[in-house]
Amino acid sequence: SESRCWITYKSDRSLQSRIAQGAFSDGGGAYIPINGFPAPPGNLRFWTGILKTWCGKNGIKFVDDGLNVSARVKKNQIEDFIEYVYARDPFYFEPAKMLTWKGRAYLANSLTDLRAFVAKELNPRLWYEIEADEW
């Protein structure tokens, strides 16, 4: 089985417009922060379980359609979810332990891109959804 997690932007028309215009594309499609979260660390495998557990701990309602889970959240809650999942994991935060490919710390770089995207591009007044699935 595989699993993935991402943010949807249905209520943010300005961001949707910029995505559609290619503001976050290198010409070959949307970049990582748009497409999904980097792999969860350690023994965390399935995003659906991770999202449900986080929602339960924080009193956030979620929709569970079996292999799909979604939660309606604000920007600060997305930032909290990111912190909950990655929580200073050494593969993401300790340079000597970072996984690299061709000299690039691809997981750490993906997480940094995601965190910067959320911090700079999401509107704190709007609602977003964190979605997860498995197949």
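A word on the ground rules. This is a predicted model, so local features need pLDDT of at least 70 and side-chain atom pairs count only at pLDDT 80 or more, while totals for chains, interfaces and linings use all residues. Residues are numbered from 1 along each chain as its sequence is written, and side-chain values use heavy atoms, with hydrogens and water left out.

Taken as a whole, the protein has six helices and four strands, and from the N terminus on they follow the order β-α-α-α-β-β-α-α-α-β. A compact globule of 135 residues would have a radius of gyration near 14 Å, and the 15 Å of the protein agrees with that; the radius is taken over C-alpha atoms, and the globule rule is 2.2 Å times the number of residues to the power 0.38. Along the principal axes, the C-alpha atoms fill a box of roughly 40 × 35 × 25 Å. Of the 135 residues, 37% count as buried, where buried means under 20% relative accessible area, exposed over 50%, and partly exposed in between (1.4 Å probe, protein chains only). Among contacts (heavy atoms within 4.5 Å) between residues at least 6 apart in sequence, 72% join residues at least 24 apart.

Now for the strands. Two strands pair if DSSP finds at least two bridges between them. Strand E2 (residues 62–64) and strand E3 (residues 68–73) run antiparallel and are joined by three bridges, with valine 63 partnered by serine 70 in E3. E2 and E3 form a hairpin with three residues between them, and glycine 66 in the turn has a positive phi of about 90°. E3 also pairs with strand E4 (residues 128–134), again in the antiparallel sense, over six bridges. In that pairing, asparagine 68 stands opposite aspartate 133, and arginine 72 has glutamate 129 as its bridge partner. E4 is joined to E1 as well, by six bridges and antiparallel, with isoleucine 7 opposite isoleucine 130. E4 is mostly covered, as five of its seven residues are buried.

Back to H4, where Lys75, Ile78, Phe81, Ile82, Val85 and Tyr86 are buried. Seen down the axis, these residues fall within an arc of 115°, so they line one face of the helix; the arc is that of the directions from the helix axis to the C-beta atoms. Their cover includes strand E1 (3–8), helix H3 (47–58), E3, helix H5 (90–93), helix H6 (106–121) and E4. Just after H4, alanine 87 takes a positive phi of about 25°.

H3 tells a similar kind of story. Its twelve residues reach 16 Å from first C-alpha to last, close to the 16 Å expected at 1.5 Å a residue. Trp47, Thr48, Ile50, Leu51, Trp54 and Cys55 are its buried residues, and they cover an arc of only 165° around the axis, which puts them on the same side of H3. These buried residues pack against E1, E2, E3, H4 and E4, whereas Gly56 and Lys57, on the other side of H3, are exposed.

Lysine 102 sits in the loop between H5 and H6 and is exposed, with a relative accessible area of 70%. Phi of lysine 102 is near 55°, a positive value in a residue other than glycine. Most residues other than glycine have a negative phi. Tyrosine 106, in helix H6, counts as partly exposed at 38% relative accessibility. Leaving aside residues up to four places away in sequence, tyrosine 106 touches Leu99, Thr100 and Trp101. The backbone oxygen of tyrosine 106 lies 2.9 Å from a polar atom of the side chain of serine 110. Serine 110 is also in H6 and, at 16% relative accessibility, counts as buried.

Terms used:
Helix = DSSP H or I, 4+ residues; strand = E, 2+ residues; numbered from the N terminus. Polar contact = N/O pair within 3.5 Å; in protein donor to acceptor, adjacent residues only side chain to side chain. Expected span 1.5 Å × (residues − 1).
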